[in-house]
Amino acid sequence: MKAADPEVVLVTGVSRFLGAHVASRLADDPRVRRVIGLDNGPPPPELAPLLRRVELIEADLTRCATLIPPLAPQAVVHLGVSTAPEPATGGRAAMKDQNIIGSMQLLAACQRLPKLRKLVVRSSTAAYGASFRDPAVFTEETEPREVPRGGFARDILDIEGYVRGFTRRRPDVIPTVLRLAPLIGPAAETTLTRYFAQPVLPTVLGRDPRLQFVHVDDALEIMHRSVVEDHPGTFNVAGPGVLTLSQAIRRAGRVAVPVAEPGLSGVAALVRRFDRGSFGLDQVDLFIHGRVVDTTRLSKEFGITPRTTPEAFADFLSGRGAGGVVLGRQRLEAAERAIRSGIAKVRAMRQQRDQPEPEQPGFGP
């Protein structure tokens with residue numbers, strides 16, 4: 001039996017790119033009468049025009065348990081998930097509070113919504129982790145072979161666990177969990193797009209991982225349809241096909257600078273310096289092992305197939321004017337020196353840390 005069209009929809013994370021665009025699409029849908037956007041801060045100026053028809057509520061997810069029930073939404077779209085720690089807002093501790101405590105409070109509020117019929121949750125293919133033991137292709141039933149090192153991936157696993165518990169308590173609610181591959185596209189602004197926008201890209205020596213992306217427009221369409229249509233279950237959302245990291249770098253017209261795997265901390269520090277954002281263990285492990293997922297279930301259930309990973313990456317390049325950049329010798333040599341210097345500092349600190357403490361003179365009897 002098909003659920004009735006949700007007239008009132010609550011979207012979390014509307015002050016961010018994904019949440020703002022999903023809320024805007026729903027506000028333009030005649031089947032939806034009211035869209036409420038929730039986030040812990042106002043939207044930035046570039047996103048504010050998208051939210052003109054969205055009722056904005058500024059509140060922290062970790063304190064929303066009593067705020068949401070009076071709104072009586074019939075569908076909740078949980079996009080307020082932080083993908084990387086931001087030092088300016090409290091780092092990993094604040095990210096974990098937002099993801100874990102915020103999701104728990106949101107689901108506790110949803111438990112008390114008698115009219116709730118749909119729950120759509122943004123997840124990630126990072127839930128599968130990344131290790132040398134991985135299968136060639138992950139399906140939705142594949143369990144991580146190792147506990148992921150990155151905080152975002154661990155948070156995603158916990159959030160999915162909370163959603164499973166919620167659906168056992170509320171079998172009348174249709175749950176849709178969307179495991180998104182890394183987003184890419186001309187308008188997307190992520191750690192990954194900032195990485196490929198840099199002139200010199202650090203990579204791991206001897207590694208050429210297979211990567212999958214999903215075009216942001218395809219992800220938005222699938223999220224929209226998850227709200228206005230009935231699609232229960234967990235779905236991998238990615239563009240078919242793969243690109244190796246070396247292929248992506250060549251197509252972007254960038255220069256790869258391979259470093260040895262022990263220097264990964266130096267690589268991450270350099271990328272943080274370049275993109276002014278966060279480059280954590282989730283991204284480092286992805287660039288070592290790669291990740292490819294099967295999207296058969298998505299195509300059968302939704303009746304659509306996202307554009308391929310190479311097509312999505314090509315659109316990103318054409319929209320950003322990112323291809324064909326040629327570096328001068330001086331800039332390339334300067335970047336190489338910066339990388340080597342960063343790695344040398346990390347190794348020196350590690351050697352100093354691993355040295356045994358000098359013995360203290362004792363006192364004889």
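Analyst: Helix H1 is mostly covered, with eight of its 11 residues buried. They are Leu18, Gly19, Ala20, Val22, Ala23, Ser24, Leu26 and Ala27. The model is a predicted one.

User: Which residues touch the most other members of the largest nonpolar core?

Analyst: That core has 38 residues, and Val9, Val11, Leu26, Val35, Val77, Leu178 and Leu180 touch the most other members. Two or more residues each come from strand E1 (8-12), helix H1 (17-27), strand E4 (75-78), strand E6 (174-180), helix H5 (216-228), strand E11 (233-237) and helix H9 (296-302). H5 gives the most, with seven residues. Another core, of 30 residues, lies apart from this one and has Ala109, Val121, Ala127 and Ile156 among its residues. In soluble globular proteins, nonpolar side chains tend to be buried together.

User: Why is Pro209 called buried?

Analyst: The cut-off for buried is under 20% relative accessible area. Pro209 has a relative accessibility of 4%, so Pro209 counts as buried. Its place is the loop between strand E8 (200-204) and E9.

User: What does Pro209 touch, not counting residues up to four places away in sequence?

Analyst: Pro209 touches Leu243, Thr244, Leu245, Leu286, Phe287, Ile288, His289 and Gly290. Pro209 and Gly290 are 81 residues apart along the chain, yet 4.4 Å separates their C-alpha atoms. For the chain, 83% of the contacts with a separation of 6 or more are between residues 24 or more positions apart.

User: Are Cys64 and Cys110 buried or exposed?

Analyst: Cys64 has 0% relative accessibility and therefore counts as buried. Cys110 is buried too, with a relative accessible area of 0%.

User: Which residues of helix H10 are buried, and what puts them on the same side of the helix?

Analyst: Thr309, Ala312, Phe313, Phe316 and Leu317 are buried in H10. They cover an arc of only 140 degrees around the axis, so they lie on the same side of H10. An α-helix has 3.6 residues a turn, so residues three or four places apart point the same way. The buried residues of H10 pack against strand E7 (183-184), helix H4 (191-196), strand E9 (210-211), strand E10 (214-215), strand E12 (243-244) and helix H6 (245-251).

User: How far does H10 reach, and what is expected?

Analyst: H10 (residues 309-320) has 12 residues and reaches 17 Å from its first C-alpha to its last.

User: How many helices and strands does the chain have, and what part of its residues is buried?

Analyst: The chain has 11 helices and 13 strands. Of its 365 residues, 51% count as buried. The chain exposes about 17200 Å², and carbon and sulfur atoms supply 53% of that area.

Terms used: Residues numbered from 1 in each chain as written. Predicted model: local features only at pLDDT ≥ 70, side-chain atom pairs only at ≥ 80, totals over all residues. Heavy atoms only, no water. Helix = DSSP H or I, 4+ residues; strand = E, 2+ residues; numbered from the N terminus. Buried < 20%, exposed > 50% of the residue type's maximum accessible area, 1.4 Å probe, protein only. Contact = heavy atoms within 4.5 Å. Areas by Shrake-Rupley, 256 points an atom, 1.4 Å probe, with all protein chains shown as cover. Expected span 1.5 Å × (residues − 1). Arc of directions from axis to C-beta. Core = buried A, V, L, I, M, F, W, Y, C linked by side-chain atoms within 4.5 Å.
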